[in-house]
Amino acid sequence: MDHPVRTHPEFRYKTEFQSHEPEFDYLKSLEIEEKINKIRWCQTANNALFLLSTNDKTIKFWKIQEKKVKKICDMNIDPSKATGNGNPACSIVKPYVTNGGCADRSYGYLSKDFSFPAGSFAALHFPTVHSNETSLSARCRRIYAHAHDYHINSISNNSDGETFISADDLRINLWNLEISNQSFNIVDVKPTNMEDLTEVITSAEFHPTHCNMLAYSSSKGSIRLIDLRQSALCDSHAKLFEGMEAPNSKSFFTEIIASISDIKFGKDGRYILSRDYMNLKLWDINMDSGPVATFQVHEYLRPKLCDLYENDSIFDKFECCLSGDGTRVATGSYSNLFRVFGCTAGSTEATTLEASKNPMRRQAPAPSRPRSLSTFARVSRRGPESPAVDANGNAFDLSTKLLHLAWHPTENSLACAAANSLYMYFA
């Protein structure tokens, strides 16, 4: 991803605020973490930014706006024209604090025996407000709570700018941004008897241009496209997308690795990108017979599925994203690696990079065991004492994983979150 330095965008720290606090549900004896599961930007208005953030149970609608800091100056009267037994109260200028307060309350008040001469009110100086500085403030506009019995895994804005959806394991609710105490349940997969439960909702996303369409994925590896115009409760789907596994390839882990962890619509809404544990898949919404492209991400882990099951790594949920022009897709992996694939017809692009200050760095091979690095697997990190090894002989660390990443909607830049750091890549 080389590019002249002069065209690199510049990112500056803007602000930070606490979105959620730890809570405790006394009715269910359940502790609710403050950890944020999803963030979604909303449409801007009046030079203000709006976003939705959610933890496991509660969604909040935030407004972030630049406000001018107001200071009051030129208090009280002109001392040269004042007469009377007292002295002007603010003849000595005293610094005032933000928003008009006075640091010392003895200033700004007239003495009890002060009197104005007749006809001399023109000598009064009215206070003036100056706004020389600005500060960013975040204010919670709405709180959408008590609508989900299970952990929220997705929120998605509608293209109409007025509504959004929230999804948990069994239900999808439709909200109006202006109404926080009421939502409509549009998808419910909860069976009458919970013992009959065979699949759960893993991700949900609104269509980017058609406000009546949305898609949701399941733990069985299927994607359902639904049309809100068909019925109030969308029990039936307009289209079903699912990949067919070869009968002789089924194993104990087949359903686990087929579970879709994330789906994203392309900018024009024609394609859906999905991520399961092993692969990225690109679907055409006009063709439900199978994916139009499959990109292998973790195929080298297939012989180690038993070990991954034992340490719960097989349940890691990686996100995926598409570039704004729809020519590339990306997803994360272990050892803080992420992979970028070209998805245009005939493209063979497949690049592996590390989320670090030096994404192209190579690991020197050990003298006792020389290793060759291929073009597309050129990054590795030192793992634990007995590290796992990928198909190219490179060690990978299961404890460091890149789960979250996002592509800028218009610029060719990619944001990756690894551990407690955010890395920006520009192509």
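This is a predicted model: local features need pLDDT of at least 70, side-chain atom pairs count only at pLDDT 80 or more; totals for chains, interfaces and linings use all residues.
Reader: Let's begin with the loops. What makes N46 count as exposed?

Author: Its relative accessibility is 69%. The cut-off for exposed is over 50%, so N46 counts as exposed.

Reader: And where is N46 found?

Author: In the loop between β3 (38–41) and β4 (49–54). There's something else to look at there: N46 has a positive phi, about 55 degrees, even though N46 is not a glycine.

Reader: Why is S335 called buried?

Author: The relative accessible area of S335 is 1%. Buried means under 20%, so S335 is buried.

Reader: What is the phi of S335 near?

Author: Near 60 degrees, which is a positive value in a residue other than glycine. You'll find S335 in the loop between β20 (328–332) and β21.

Reader: On to the sheets. What is the order of the strands in the one with β21?

Author: The order is β19-β20-β21-β22, an open sheet of four strands with antiparallel pairing.

Reader: What makes β19 and β22 edge strands?

Author: Each pairs on one side only. That goes for β19 (320–322) as well as β22 (350–354). From one strand to the next, the twist averages 20 degrees.

Reader: How do you know that β21 and β22 pair?

Author: Count the bridges. Pairing takes at least two bridges between two strands, and β21 (residues 337–342) and β22 have five, in the antiparallel sense. The two strands therefore pair by that definition. If you want a spot to look at, R339 stands opposite T352 in β22.

Reader: What holds paired strands of a sheet together in general?

Author: Strands of a sheet pair through backbone hydrogen bonds, and they can do that either parallel or antiparallel.

Reader: Now for the sheet with β17. What is its strand order?

Author: β15-β16-β17-β18, in an open sheet of four strands with antiparallel pairing. Its edge strands are β15 (262–265) and β18 (293–296), each of which pairs on one side only. On average, neighbouring strands in this sheet are turned by 15 degrees against each other, direction ignored.

Reader: What makes β17 and β18 a pair?

Author: Four bridges join β17 (residues 279–284) to β18. The cut-off is at least two, so β17 and β18 count as paired, and they run antiparallel.

Reader: Which residue stands opposite F295 in β18?

Author: That's L280.

Methods. Residues are numbered from 1 along each chain as its sequence is written. Side-chain values use heavy atoms; hydrogens and water are left out. Axes are lines fitted to C-alpha atoms, for helices over the stretch in contact, and angles run from 0 to 180 degrees between N-to-C directions. Buried means under 20% relative accessible area, exposed over 50%, partly exposed in between (1.4 Å probe, protein chains only).
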